[in-house]
Amino acid sequence: MQVKSFAEVLKGKREEFGYKQCEVAEMLYLSSSTYSHYEAGTRLPTIENLIKISALYNMNPLELLYMFAPEDIKSNSETYFNFIRHGKYALSTKELHLLSDFNMLNNDQQNAIINMTKLLKRSNIPH
């Protein structure tokens, strides 16, 4: 079985979900050319964008990370292996979806969510 490159997996996921490149770029708040580079394999996403992409495709970011071709991992080893080792990026699928949804809101909407969260934390409402 041939291992697919990260770019091939990314394109396959986009097609599986029925999205156009420009639609995915818009949903992730990226330029179309940036996302196009990811699928072409000429650029790798930042950790933040990797998290957004994985949430969009209902994947754990580590699933996508492990699909990088060995040369991709070697050339970006410090960044990506720090991602694996540090628990602050080890998020559940539920958390990834929440972050992705939050990032797609405008500033006023985000502030409303933040204020609501603070209010809930102060209240006696069971978690």
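Analyst: Buried means under 20% relative accessible area, exposed means over 50%, and partly exposed lies in between, with a 1.4 Å probe and protein chains only as cover. The model is a predicted one, in which local features need pLDDT of at least 70 and side-chain atom pairs count only at pLDDT 80 or more, while totals for chains, interfaces and linings use all residues. Residues are numbered from 1 along each chain as its sequence is written, and side-chain values use heavy atoms, with hydrogens and water left out.

User: What share of the 127 residues is buried?

Analyst: Buried residues account for 31% of the 127 residues in the protein.

User: How many helices and strands are there?

Analyst: The protein has nine helices and zero strands. Helices (H or I, at least four residues) and strands (E, at least two) are DSSP runs, numbered from the N terminus.

User: Which helix is mostly covered?

Analyst: That is α4, where nine of the ten residues are buried. Among them are I47, L50, I53 and L56, and also N49 and K52. After α4 comes N58, with a positive phi near 55 degrees.

User: Which residues have the most contacts inside the largest nonpolar core?

Analyst: They are L10, L28, Y35, I53, Y57 and L64, in a core of 15 residues. Helices α1 (6-17), α2 (21-27), α3 (32-40) and α4 (47-56) each supply at least two residues of this core. A nonpolar core is a set of buried Ala, Val, Leu, Ile, Met, Phe, Trp, Tyr and Cys residues joined through side-chain atoms within 4.5 Å.

User: What does Y35 touch, leaving aside neighbours within four places in sequence?

Analyst: Y35 is in contact with L10, R14, Q21, V24, A25, L28, L30 and Y57. Contact means heavy atoms within 4.5 Å. Y35 counts as buried because its relative accessibility is 0%.

User: And E39, is that buried or exposed?

Analyst: E39, which is found in helix α3, is buried, with a relative accessible area of 10%. Apart from neighbours within four places in sequence, E39 is in contact with A7, L10, K11, R14 and Q21.

User: Changing topic, how many aromatic pairs are there?

Analyst: Rings of Phe, Tyr and Trp (its six-membered ring) pair if their centres lie within 6.5 Å; planes under 30 degrees apart count as stacked, over 60 as edge-to-face and the rest as tilted. By this rule there are three aromatic pairs. F17 and Y19 are stacked, because their ring centres are 6.0 Å apart and their planes are at 25 degrees. Y35 and Y38 form an edge-to-face pair, with 6.2 Å centre to centre and 70 degrees between the planes.

User: Where do Y35 and Y38 lie?

Analyst: Both lie in helix α3, three residues apart, about one turn of the helix. An α-helix has 3.6 residues a turn, so residues three or four places apart point the same way. Y38 is buried, at 3% relative accessible area.

User: Which residues do ring pairs link into a cluster?

Analyst: The cluster consists of F17, Y19 and Y57. F17 is partly exposed, with a relative accessibility of 29%, and Y19 is partly exposed at 24%.

User: What fraction of the accessible surface belongs to carbon and sulfur atoms?

Analyst: The accessible surface comes to about 8500 Å², and 54% of it belongs to carbon and sulfur atoms. Accessible areas come from the Shrake-Rupley method with a 1.4 Å probe; for residues, only the protein chains shown count as cover.
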